[in-house]
Amino acid sequence: MESRSVPPGPYRATKLVRQRRTTRPANRSRGCHRLYWNEITTSFRAGMPLRKHRQHFKKYGNCFTAGEAVDWLYDLLRNNNNFGPEVTRQQTIQLLRKFLKNHVIEDIKGRWGSENLDDNSQLFRFPANSPLKSFPRRHPELRKNSIENFSKDKDSIFKLRNLSRRTPKKPGLHFSQENIEKMNHVIINEDQENSVDNREISPEDIEEVWRYIILIYLQTILGVSSLEEVINPNQVVPQYIMYNMTNTSKHGIVILQDKSDDLPHWVLSAMKCLANWPRSNMNNPTYVGFERDVFRTIADYFLDLPEPLLTFEYYELFVSILGLLQPHLERVAIDALQLCCLLLPPPNRRKLQLLMRMISRMSQNVDMPQLHDAMGTRSLMIHTFSRCVLCCAEEVDLDELLAARLVSFLMDHHQEILQVPSYLQTAVDKHLDYLKKGYIKNPGDGLIVPLPTYSYCKQISAQEFDEQKVSTSQAAIAELLENIIKNKSLPLKEKRKKLKQFQKEYPLIYQKRFPTTESEAVLFGDKPTIKQPMLILKKTKFRSLRY
């Protein structure tokens, strides 16, 4: 099925879709097909009005006519950014026929599988089973099933009678809480006749659901087929996520039960002092340079930590998000970082929250005294704390550039990134409820809670994608070189050492900046290494005046 350009069944419903604008490579388009299918089916079930109807002297509850479905779905598609006003009513009818064929809907007698649907008063209803399209998944650790069962599920693309084993990707609609509750109420009512005894939910089940949900959401937000290149599911500690979600202050800051893991009191006092400057120091005696000493105390503490706040093991995960740090993908980056920061050990998350709050306030404080002779406050914050936030266990190609980019983004969006996402708790609660009622058998099965929405730009080829990635990286590296050159606080010996390292790692970029030895010598005030040829004057022959 993967080899076909337009697979049969529900995939063909995406003929309604306009050319989606995206910066991702074109070979991910099959995922977009599944995305649109899941988006519309979820929206249809969530919002389609249900009521009582009479037909042939009988009353039927929780149903709708074909004409009502055409009206509602037609309006939905025309107001959806992924489809637009060019959608016709006939195309809407065709999509509803696909819904009937693939058991998204069924007639009032429970019949489905054909495309016998017209714009009339025929009655239809929703089946109990989820209509979502399954997504192949490459993390067998996320489920209790064996890898053999996982392989079989991967081959079966679309499950009609079981809940989907993968989450829908990025619905393009915002759902009201009323519609979500209505959809869930309808599903529960329809299943009451066939419900099974509630099963016991063990602590292991709860932990497995948390791990599964956060990885599914993260994979969906990043738009990748697998997370295995950036994170091992075994790295995810559900207890950390649960703690970070529930043990917070009114400001969303993690509260630690074990105070020995918290920041020392003197560090907290110093951070409050600078975060609230000058209000916090109005009644305290200070001296010239006091604020610099306080800042140095805070910096020394964080720089002496045994590992960065984002941990060594999550380095690849956070670096992978840095390629989302573009203006049109800002929302994606924020949501992805929000989930990634929940994976951190609670002490690390708390330190990160307090540090980001402090440096963000300091960089925006016009009353903050100058803390460095050559750098502004914002540049100083990034330069000082980037390596204690993100760092690789082994030295890589000047990864301080990546860390600086991430810290800069965190400073600007820390309030959103480091808050608790309520939709995650909702998804877990719903998943556990379905697991308890027997609608799903394993913690790693099926998810129908709507996901965040995103929009993208023009679609490009894989080659163009790679070229843009290279050019963006080179521009960032060139910017790093300029920062090294213009850093007046860097000792001359250290600057020579860094430039020599840079020249070794990126000779072409270095040569472009310093095309000759003379241009390099100007930076250090040295004499040129290649001496200019001396002016040679031709000796004039003097003739004797004697004859």
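Helices α6 and α7 sit roughly perpendicular to each other, since their axes cross at roughly 80° and come within 9 Å. The model is a predicted one, and the protein chain comes to 19 helices and four strands. Of its 547 residues, 49% count as buried. Take the contacts between residues at least 6 apart in sequence: 72% of them join residues at least 24 apart.

**Where α6 meets α7**

- On the α6 side, the contact is made by I206, E207, W210, R211 and I214.
- Q235 is found in the loop between α6 and α7, the latter running over residues 238-246.
- Is Q235 buried or exposed? Its relative accessible area is 18%, so Q235 counts as buried, the cut-off being under 20%.
- Leaving out residues up to four places away in sequence, Q235 touches E313 and Y314.

**The nonpolar cores**

- The largest nonpolar core holds 88 residues.
- Within this core, the residues with the most contacts are F302, F318, L355, M356 and F385.
- Helix α6, residues 203-222, supplies the largest share of this core, with eleven residues.
- Apart from that core there is another one of 21 residues, including F44, L95, L96 and F124.
- Which residues does M356 touch, not counting those up to four places away in sequence? They are V389, V407, L410, M411, H414 and L418.

**The α10 and α11 pair**

- Helix α10 covers residues 315-322 and helix α11 covers residues 330-342; their axes come within 10 Å and cross at roughly 170°.
- That angle makes α10 roughly antiparallel to α11, because anything over 145 degrees counts that way.
- From α10, the residues in this contact are L317, F318 and I321.
- They meet A333, A336, L337, C340 and C341 in α11.
- The contact of α10 with α11 has eight nonpolar residues, with no polar and no charged ones.

- Eleven of the 13 residues of α11 are buried, so α11 is largely enclosed by the rest of the structure.
- The buried residues in α11 include D335 and Q338, along with V332, I334, L339 and L342.
- The end C-alpha atoms of α11 are 19 Å apart, which agrees with the 18 Å its 13 residues should span at 1.5 Å a residue.
- Helix α12, residues 346-364, has 19 residues and reaches 27 Å from its first C-alpha to its last.
- That reach is close to the 27 Å expected for α12 at 1.5 Å a residue.
- For α12, 15 of the 19 residues are buried, so this helix too is largely enclosed by the rest of the structure.

**F295 in α9**

- F295 lies in helix α9, which runs over residues 290-303.
- With a relative accessible area of 8%, F295 is buried.
- Setting aside residues up to four places away in sequence, F295 touches L274, M362, L371, L380, M381, T384 and F385.
- One of those partners, F385, is also among the residues with the most contacts inside the largest nonpolar core.
- F295 and A270 are 25 residues apart along the chain, and their C-alpha atoms are separated by 7.6 Å.

**S408 in α14**

- Look for S408 in helix α14, residues 400-417.
- Which residues does S408 touch, not counting those up to four places away in sequence? The partners are R378 and I382.
- S408 and I382 are 26 residues apart in sequence, with 6.5 Å from C-alpha to C-alpha.

**N62 in β2**

- N62 is found in strand β2, residues 58-65.
- At 36% relative accessibility, N62 counts as partly exposed.
- Apart from its neighbours within four places in sequence, N62 is in contact with L50, R51 and R125.
- The C-alpha atoms of N62 and P49 are separated by 8.5 Å, and the two residues are 13 apart along the chain.

Conventions
Residues numbered from 1 in each chain as written. Predicted model: local features only at pLDDT ≥ 70, side-chain atom pairs only at ≥ 80, totals over all residues. Heavy atoms only, no water. Core = buried A, V, L, I, M, F, W, Y, C linked by side-chain atoms within 4.5 Å. Buried < 20%, exposed > 50% of the residue type's maximum accessible area, 1.4 Å probe, protein only. Helix = DSSP H or I, 4+ residues; strand = E, 2+ residues; numbered from the N terminus. Contact = heavy atoms within 4.5 Å. Axes fitted to C-alpha atoms, helices over the stretch in contact; angles between N-to-C directions. Parallel < 35°, antiparallel > 145°, perpendicular 65-115°, else oblique. Nonpolar A, V, L, I, M, F, W, Y, C, P; charged D, E, K, R; others polar. Expected span 1.5 Å × (residues − 1).
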